[in-house]
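Subject: Handover of a structure

Dear colleague,

A summary of the findings comes after it.

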Amino acid sequence: MADCIFCKIVSKQIPSEVVYEDDQVFVFHDINPQAPTHLLVIPKEHIQSAAHVTEKDKELLGQMFVVIKNVTEKLGLDKEGYRIVNNCGELGGQQVDHLHFHVLGGRQMQWPPG
Ligand code: 5GP
Ligand code: ZN
């Protein structure tokens, strides 16, 4: 999508600190980290939000979670644990309208989130 920041990151028009990519999924460091490790896991294809996922995205969503497992293991986050966050829509606090999971690790998380 032409004016989407994350599509531009996928196509490398905007630089990012890339952690992993395959034909479907792209992982990079958040520019404004909220934890010692703060990754963003996104589909390469533009999907606006979790509310816009359809039947055809089932395999992609599964692959995103396999990637989260593999990347967190590689970075050594899996032993102590980490948090996966999806902000969906306005009340969910979503600021970038391209589906993404935040993966936060390296500190104790609190509940409930703000
Ligand atoms: P949201 O609030 O939509 O759930 O999360 C958007 C996230 O994208 C924020 O944590 C923000 O710091 C991150 N972000 C926004 N623009 C950029 C960018 O240009 N590069 C990177 N690496 N992260 C970005
Ligand atoms: Zn996009």
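The notes that follow describe a metal site, the aromatic ring pairs and a surface patch.

Please bear in mind that this is a predicted model.

Metal site

The zinc ion (ligand 2) is held by four protein donors: the SG atoms of Cys-4 and Cys-7, and the ND1 atoms of His-46 and His-98. These atoms lie 2.1 to 2.3 Å from the zinc ion. The angles that the four donor atoms subtend around the zinc ion run from 107 to 116 degrees, and the arrangement is therefore tetrahedral. For reference, the ideal angle for four tetrahedral donors is 109.5 degrees. Along the sequence, the donor residues follow the spacing C-x2-C-x38-H-x51-H. Both Cys-4 and Cys-7 are buried.

Aromatic pairs

The count of aromatic pairs comes to three. In one of them, the ring centres of Phe-6 and Phe-28 are 5.5 Å apart and the ring planes stand at 80 degrees, so this pair is edge-to-face. Because Phe-6 belongs to helix α1 (residues 5-10) and Phe-28 to strand β2 (residues 25-29), the pair ties together parts that are 22 residues apart in sequence. Phe-6 counts as buried, with 7% relative accessibility, and Phe-28 is likewise buried, at 3%.

Another pair is formed by Phe-65 and Phe-101, whose ring centres are 5.1 Å apart; with the planes at 65 degrees, this pair is also edge-to-face. It links distant parts of the chain, since Phe-65 is in helix α2 (residues 58-74) and Phe-101 is in strand β5 (residues 101-105), 36 residues apart. Phe-101 is buried at 9% relative accessibility, whereas Phe-65 is partly exposed, having a relative accessible area of 40%.

Ring pairs also join Phe-6 and Phe-28 with Phe-26 in a cluster.

Surface patch

Ile-84 is part of strand β4 (residues 82-85).

How values were computed: Residues numbered from 1 in each chain as written. Chains lettered and ligands numbered in written order. Predicted model: local features only at pLDDT ≥ 70, side-chain atom pairs only at ≥ 80, totals over all residues. Heavy atoms only, no water. Donors = N, O, S within 2.8 Å, 3.2 Å for Na, K, Ca; no water. Tetrahedral: all angles 85-135°; square planar, octahedral: opposite > 155°, others 65-115°. Buried < 20%, exposed > 50% of the residue type's maximum accessible area, 1.4 Å probe, protein only. Helix = DSSP H or I, 4+ residues; strand = E, 2+ residues; numbered from the N terminus. Phe/Tyr/Trp six-rings, centres within 6.5 Å; stacked < 30°, edge-to-face > 60°.
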